[in-house]
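Hello,

Here is the structure I promised to pass on to you. Please open it and have a look around before you read my notes.

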Number of protein chains: 2
Amino acid sequence: MAKADYQLIILGGGPAGLTAGLYAARDRLKALLIEKGALGGQVLVTDWIDNYPGFPEGLSGFDLVEKMAAQAARFELETKYAQVTGLEFSEKTKKLTLEDGETLTCQSLIIATGARPNKLGVPGEDELTGKGVSYCATCDGPFYKDQEIIVVGGGDTAVQEADFLTKFASKVTVVHRRDQLRATKILQEKAFANKRVEFLWNSQIEEINGENGVDKVIIKDNSGNKSEMAVTGVFVLIGTIPNNDILPLDQLGADEFGFIQTDEEMRTKVPGVMAVGDIRSKTVRQVVNATGEGAVAAIAAEHYLNGLTE
Amino acid sequence: MAKADYQLIILGGGPAGLTAGLYAARDRLKALLIEKGALGGQVLVTDWIDNYPGFPEGLSGFDLVEKMAAQAARFELETKYAQVTGLEFSEKTKKLTLEDGETLTCQSLIIATGARPNKLGVPGEDELTGKGVSYCATCDGPFYKDQEIIVVGGGDTAVQEADFLTKFASKVTVVHRRDQLRATKILQEKAFANKRVEFLWNSQIEEINGENGVDKVIIKDNSGNKSEMAVTGVFVLIGTIPNNDILPLDQLGADEFGFIQTDEEMRTKVPGVMAVGDIRSKTVRQVVNATGEGAVAAIAAEHYLNGLTE
C-alpha cells in the first residue's frame, strides 16, 4: 500500500477544526485542514460572542476566527480550500475525492463539518442574522434585556428557550404554525405558567424588517390574515441540520438526526476517524466545547498513529 | 425543607470552574463560585500558553486567568474565598461546610477542584516551574526545539512523551529510579528504537539548578554516586493527583486513581452534582477542554434545576 499523503486530514475549518489543526501542527503531525468556504464556519456570521472564555468584553465572531486561524498558521498548519465530494474508508488509508477530481489520502481523519440552523427562509432573515435574528438563546439571550422578542418554533428547544429568555426579555411571544406544541409536557407547563411568555398559534413569520437591527416582523395566520409586531429580536429555534452530505453515516455511526456519534475521545466506529464540534451527536453546541473536542481528537489521532489504539 | 442558599455552587476557580461560572452567571442562576486559594488553579503557575485557541501569540497563564475571571465578574458571578471542609449529599439540597464552620446549601453543585502533578520534591523544582521545569509535554514540548532535556518517570506517560518530545528536542534523557520501565511494551519499544532517547537507569534527580531557566541537574544513582547533566528542560511525568480530599468518592463515582467519573453531560452518580476539568476521569487534561466541560456542566445544572433530568 502506498504511503498516505497526510498523517491527518481535518475536514472543516470552524473552531473545532482549527483547534484540532492547532494541536496537530504543534504536535508536528503531517496534517492538512480542508475548508470548502471560509474559515470559521457558523462563528463567522456571529455578530458578537460574550461567552468564549478569555475575552472579558467579548469579541466579534470574525475576530475570534481570525485569531484562531492566525494561531494555527503560526504553527504552520497547512490549509486547503476545496470541496470534498467523496470519502472512502474501505482501506486503512482513508481516501478523499475533491470536486476537481483530485484525490488525497490520509492515515487519520477528523470530521469537523459542523451544522447549520434550520432557517425560516423569509425576506430579511439572512440580512439581519446576528443583528436581531438569532439561532441560539444561550449565546444571545443576554443581549435582549428588557426587550420584546419572538421565538419561532414549537419543539423542546423553542419552548424551553422561550421560558429561559424571559430572564432577560420583558416579553417573549412564541410564534407557532400549529395550534399546539410538540414540546415535552413539563416544558409546556412551565412556559404556559410564565406570565411573560405569550403564544401566537397557527401563525408564521412572513418577513423580518429593520435596517441595522430588527424593528418588526410581519406575521401571517393560517387564514391568510397579516399583522405586524414590533420586536427587536427573533429567535428561530426550529432545528439544527448536520452538514453530513458526504459522510457515510452507517459506517461512522450516527443518531436519528444524522449527527455523528463518538466515544469520549471523539472516535467514530471507523478506526482512525474522529468527529468533533457541531457535527457530533451531543446536547451542547457552543464554541467553547467545540474547541475542547478539537484538541481531544487531535490527541486521539496522535495516539492512533502511534499504534496505541485501533 | 428550607430554600437553598444558592441554585448552584461551583467548587474551584480554575478554567473549568470559571467557565461554568460565566455560563451560570449569563444564565442568571443564583450561583456562587468558591475558591480556596487564588483563581486560576494550575494555569496560574503556567508561564506561557500557546495552545489555548484565540491567542495567536500565546499568553501567560496569569493573563489568561485574569481575563477569564474578569469576564465572569462582568456578568456578576459571586465569588467567595474559602476552604470547604465537608460535603453532604444526603438530601436533595446539598450542604457545604466551610473551614470557619459556616454552612452553605445549594440545589446543584459543580466540582472543579482540579488536580496537581506529582512532584519530585527536590531543590529548584518549585522555583523553576514554568521556567524549564514542566509537567506537561503537550503544553510545553514545542518550547524546547533543538535543546537537550530530561524526562523523569518510567510509566506510560513518561515513555510516550519522551518519544514525542524528540519531535522538538535534540536529545531526551529518561531518568528512572529503577532498572526497567513500567510502561506498556509497545511504548517501550518505540522509545528504545528512537536514537534521540537515552535512558539513565537506577537514578534520581537530586537538584535542579539555574537562575531564570534550567541550566543543569544533579543526579544521584542508587549507589550514591552523583553526577551533573547540562539540560534546559526537565519534564516531570510521574503522575497526576486528583484534588479529592473532601469528596465522597463512593457516592460520586470515581476511577481507581480517584478521579470523578461522569457521563457526557458531566453528571456524577449524585443527581444535580457535576464534575469538570482535571478532577474528571479522562485522558486529556488541557485548558481548552476544561473550559468546554465547564460550559456543558453549567447547562446541565440549568436543565437539572428546570426539573428536566434527575
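Below is what I found in it, going from the whole chain down to single residues.

Please keep in mind that this is a predicted model.

**The chain as a whole**

Chain A contains seven helices and 17 strands. Its C-alpha trace spans about 65 × 40 × 35 Å along the principal axes. A compact globule of 310 residues would have a radius of gyration near 19 Å, and the 21 Å of chain A agrees with that. Of those 310 residues, 57% count as buried. Among the contacts in chain A with a separation of 6 or more, 58% come from residues 24 or more positions apart.

**How the two copies relate**

Chain B can be superposed on chain A by a rotation of 180° with 0.0 Å of shift along the axis, at an RMSD of 0.0 Å. The two copies are thus related as by a two-fold rotation axis. In chain B, the C-alpha nearest that axis belongs to B:Gly292, at 2.8 Å. The copies meet through the same surface, because 100% of the interface residues of chain B are also interface residues in chain A.

Start with A:Pro242, which sits in strand β16 (residues 240-242) of chain A. Is A:Pro242 buried or exposed? Its relative accessibility is 7%, so A:Pro242 counts as buried, the cut-off being under 20%. Although A:Ala115 is 127 residues away along the chain, its C-alpha is separated from that of A:Pro242 by 4.1 Å. Leaving aside residues up to four places away in sequence, A:Pro242 touches several others, including A:Arg116, A:Phe257, A:Phe259 and A:Ile279.

Most residues other than glycine have a negative phi. A:Glu76 is not a glycine, yet it has a positive phi of about 65°. You will find A:Glu76 in the loop between α2 (61-74) and β3 (78-81) of chain A. With a relative accessible area of 70%, A:Glu76 is exposed.

B:Met266, also not a glycine, has a positive phi of about 75°. B:Met266 belongs to the loop between α6 (249-252) and β17 (273-275) of chain B. B:Met266 is buried, with a relative accessible area of 7%.

Happy exploring!

Notes. Residues numbered from 1 in each chain as written. Chains lettered and ligands numbered in written order. Predicted model: local features only at pLDDT ≥ 70, side-chain atom pairs only at ≥ 80, totals over all residues. Heavy atoms only, no water. Helix = DSSP H or I, 4+ residues; strand = E, 2+ residues; numbered from the N terminus. Rg over C-alpha atoms; globule rule 2.2 N^0.38 Å. Buried < 20%, exposed > 50% of the residue type's maximum accessible area, 1.4 Å probe, protein only. Contact = heavy atoms within 4.5 Å. Least-squares fit on C-alpha atoms with pLDDT ≥ 70 in both.
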